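Here is a short report for a reader new to this structure. It goes from the sheet to the ligand, and then to single residues and the whole chain.

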Amino acid sequence: MTEKLSNPKKTIEVIQKHGFDFQKKFGQNFLIDPHVLDKIIAAAGITKDDFVLEIGPGIGTMTQYLAEAAREVTAVEIDRNLIPILEETLAEYDNVTVINQDILKLDLEALSQEKNGGRPIKVVANLPYYITTPIIMGLYESHVPVSSITVMVQKEVAQRMQAGPGSKDYGALSLAVQYYASPYIAANVPPNCFMPRPNVGSAVIHLESYQNPPVSVKDEKLMFALIRASFNQRRKTLLNGLKNASDLPFGKEKLMETFTKLGWKETVRGEQLTLEQFAQLSDALTERHRASC
Ligand code: SAM
């Protein structure tokens with residue numbers, strides 16, 4: 001077996017051989033630390049039964065680990081300059097398919113059907129940081145069956161995903177992620193584990209999907225619109241945030257009536273509310289909206 005790319009010398013050798021130029025616009029920071037790679041694979045809990053979707057394989061460093069742990073891997077890479085490199089670095093693995101595509105444009109439903117018969121897939125990635133949130137929310141909102149997502153993200157973003165009410169990191173991303181999954185930070189990763197070094201600290205977060213969401217809500221879309229509106233104007237009270245939101249139809253009076261019914265003060269702020277309370281608010285407004293139609 002040839003030497004792995006997690007050895008920094010091997011990464012430099014491959015990059016020089018192919019005359020590869022790192023593209024900042026694609027968030028290219030390649031992993032060069034075998035311990036971090038072991039931690040990611042362990043956190044993802046991959047077995048030989050699993051189909052794994054890797055987002056952004058780069059030169060294939062993590063793909064080599066995934067190919068050894070999983071039944072099958074599909075790696076989706078946007079940068080076409082990396083495709084000939086991947087052909088070489090992954091040549092000895094017959095369970096890896098590389099797709100040259102933008103992950104945000106890929107038909108994930110078709111992929112999961114084709115590769116895994118529609119059964120839940122595992123997603124593992126050292127994500128390009130410029131599109132972390134659209135990638136994660138895109139995966140959840142596509143309703144493609146996903147059993148877990150294990151990803152390297154900017155440390156602050158990992159903290160936001162894990163945060164609870166009252167903390168400064170708590171926001172729309174925390175609530176959205178926690179509606180779909182239970183998050184835990186598996187490792188903090190310093191810049192020197194990457195080539196080139198990013199300007200920020202990183203963390204590996206594991207998001208284990210719920211079978212069913214932890215709260216039930218009549219109108220999921222309305223709940224997320226309320227969440228977005230209440231954190232869009234963070235310094236305002238919930239009441240002002242919601243009555244000013246252009247995509248919500250509720251006036252001050254209706255909102256105040258609903259708050260009173262729920263036993264909330266007029267001064268309540270979105271950052272104090274749990275996911276369950278946002279669901280309660282959404283359901284109460286759904287009823288009031290229907291009653292007045
Ligand atoms: N997995 C490799 C590693 O750990 O060394 C590379 C990780 S690097 C942080 C992010 C990778 O995602 C890059 O290879 C980049 O070209 C790729 N990428 C960026 N935007 C993408 C997109 N929209 N769709 C697919 N891949 C993307």
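Two strands pair if DSSP finds at least two bridges between them. Helices (H or I, at least four residues) and strands (E, at least two) are DSSP runs, numbered from the N terminus. This is a predicted model, in which local features need pLDDT of at least 70 and side-chain atom pairs count only at pLDDT 80 or more, while totals for chains, interfaces and linings use all residues. Residues are numbered from 1 along each chain as its sequence is written, and side-chain values use heavy atoms, with hydrogens and water left out.

**The sheet**

Seven strands make up an open sheet with mixed pairing. Their order is β4-β3-β2-β5-β6-β9-β7. At the edges lie β4 (96-100) and β7 (181-189), each pairing on one side only. Neighbouring strands of this sheet are turned by 20° against each other on average, direction ignored. Axes here are lines fitted to C-alpha atoms, for helices over the stretch in contact, and angles run from 0 to 180 degrees between N-to-C directions.

Strands β5 (residues 121-126) and β6 (residues 146-154) pair in the parallel sense, over six bridges. Asparagine 126 has methionine 152 of β6 as its bridge partner. For lysine 122, the bridge partner in β6 is serine 148.

Helix α2 (residues 34-44) touches β5, β6, β7 and β9 (202-209). Its direction makes about 150° with that of β6. Helix α5 (residues 108-116) touches β2 (51-55), β3 (72-77), β4 and β5. The direction of α5 makes about 145° with that of β2.

How enclosed is β6? Seven of its nine residues are buried, so β6 is largely enclosed by the rest of the structure. Buried means under 20% relative accessible area, exposed over 50%, and partly exposed in between (1.4 Å probe, protein chains only).

**The ligand**

| Residue | Protein atom | Ligand atom | Distance |
|---|---|---|---|
| Glycine 58 | backbone N or O | oxygen | 3.3 Å |
| Aspartate 102 | side-chain N or O | nitrogen | 2.9 Å |
| Isoleucine 103 | polar backbone atom | nitrogen | 2.9 Å |

Taken alone, the ligand exposes 600 Å², and the protein buries 99% of that. Accessible areas come from the Shrake-Rupley method with a 1.4 Å probe; for residues, only the protein chains shown count as cover.

**Two residues**

Asparagine 116 is found in helix α5. Its relative accessibility is 2%, so asparagine 116 counts as buried. The side chain of asparagine 116 makes a polar contact with that of arginine 71 (3.3 Å). A polar atom of the asparagine 116 side chain also lies 3.2 Å from the backbone oxygen of proline 120. A polar contact is a pair of N or O atoms within 3.5 Å; within protein, one must be able to donate a hydrogen and the other to accept it, and residues adjacent in sequence count only if both atoms are side-chain atoms.

Glutamate 92 sits in the loop between α4 (83-89) and β4. At 41% relative accessibility, glutamate 92 counts as partly exposed.

**The whole chain**

The chain has 12 helices and nine strands. Of its 293 residues, 52% are buried. Its C-alpha trace spans about 70 × 40 × 30 Å along its principal axes.

Definitions and conventions:
Contact means heavy atoms within 4.5 Å.
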